[in-house]
Amino acid sequence: RRQESAASVIVTDQKNLEAVNAYTMVLTRTKEVVGDGMTSEVWEKAIEAASYCAWRAGGTQKQYDQRRPL
């Protein structure tokens, strides 16, 4: 099985592209705003937030309606 690096992958599906862009934007902006204060705890929360944003960007309304409350 051949492995590809993330840099060589082309995303063509619009929903997946929106999800990847949302994930990247949250992490990039968090790093810019927090700067030198990016502790492992801040990274963990940023990744959680970015993952949630990517999930929302890539999903459908039906998925959101079926989501269980926290």
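The side chain of Thr30 reaches the backbone oxygen of Val26 at a distance of 2.7 Å. This is a polar contact, meaning a pair of N or O atoms within 3.5 Å; within protein, one must be able to donate a hydrogen and the other to accept it, and residues adjacent in sequence count only if both atoms are side-chain atoms. The structure is a predicted model, in which local features need pLDDT of at least 70 and side-chain atom pairs count only at pLDDT 80 or more, while totals for chains, interfaces and linings use all residues. Residues are numbered from 1 along each chain as its sequence is written, and side-chain values use heavy atoms, with hydrogens and water left out.

Thr30 belongs to helix 1. Thr30 counts as buried because its relative accessibility is 19%; buried means under 20% relative accessible area, exposed means over 50%, and partly exposed lies in between (1.4 Å probe, protein chains only). Apart from its neighbours within four places in sequence, Thr30 is in contact (heavy atoms within 4.5 Å) with Gly35, Met38, Val42 and Ala46.

The protein as a whole has 3 helices and 0 strands, and its elements run α-α-α from the N terminus on. Helices (H or I, at least four residues) and strands (E, at least two) are DSSP runs, numbered from the N terminus. Of the 70 residues in the protein, 17% are buried. The accessible surface comes to about 5900 Å², and 54% of that surface belongs to carbon and sulfur atoms; such areas come from the Shrake-Rupley method with a 1.4 Å probe, and for residues only the protein chains shown count as cover. Among contacts between residues at least 6 apart in sequence, 47% join residues at least 24 apart.

Attention now turns to charged side chains. Side chains of opposite charge can pair when their charged atoms come close. A salt bridge is a side-chain nitrogen of Lys or Arg within 4 Å of a carboxyl oxygen of Asp or Glu, and by this rule the count comes to 2. In one of them, the side chains of Glu32 and Arg29 meet at 2.5 Å, N to O. Both residues lie in helix 1, 3 residues apart, which is about one turn of the helix. Glu32 is exposed because its relative accessible area is 51%, whereas Arg29, at 44%, is partly exposed. The C-alpha atoms of Arg29 and Ala46, 17 residues apart along the chain, are separated by 9.6 Å.

Lys45 and Glu48 form a salt bridge at 3.6 Å, N to O. These two residues lie in helix 2, 3 residues apart, about one turn of the helix. Lys45 is exposed, since its relative accessible area is 54%, and Glu48 is partly exposed at 41%.

How many aromatic pairs does a search of the whole structure find? The search finds 1 aromatic pair. Tyr52 and Trp55 form this tilted pair, with 5.8 Å centre to centre and 35° between the planes. Rings of Phe, Tyr and Trp (its six-membered ring) pair if their centres lie within 6.5 Å; planes under 30 degrees apart count as stacked, over 60 as edge-to-face and the rest as tilted. Because Tyr52 and Trp55 are 3 residues apart in helix 2 (residues 40-58), they are separated by about one helical turn. Tyr52 is partly exposed at 36% relative accessible area, and Trp55 is partly exposed at 33%.
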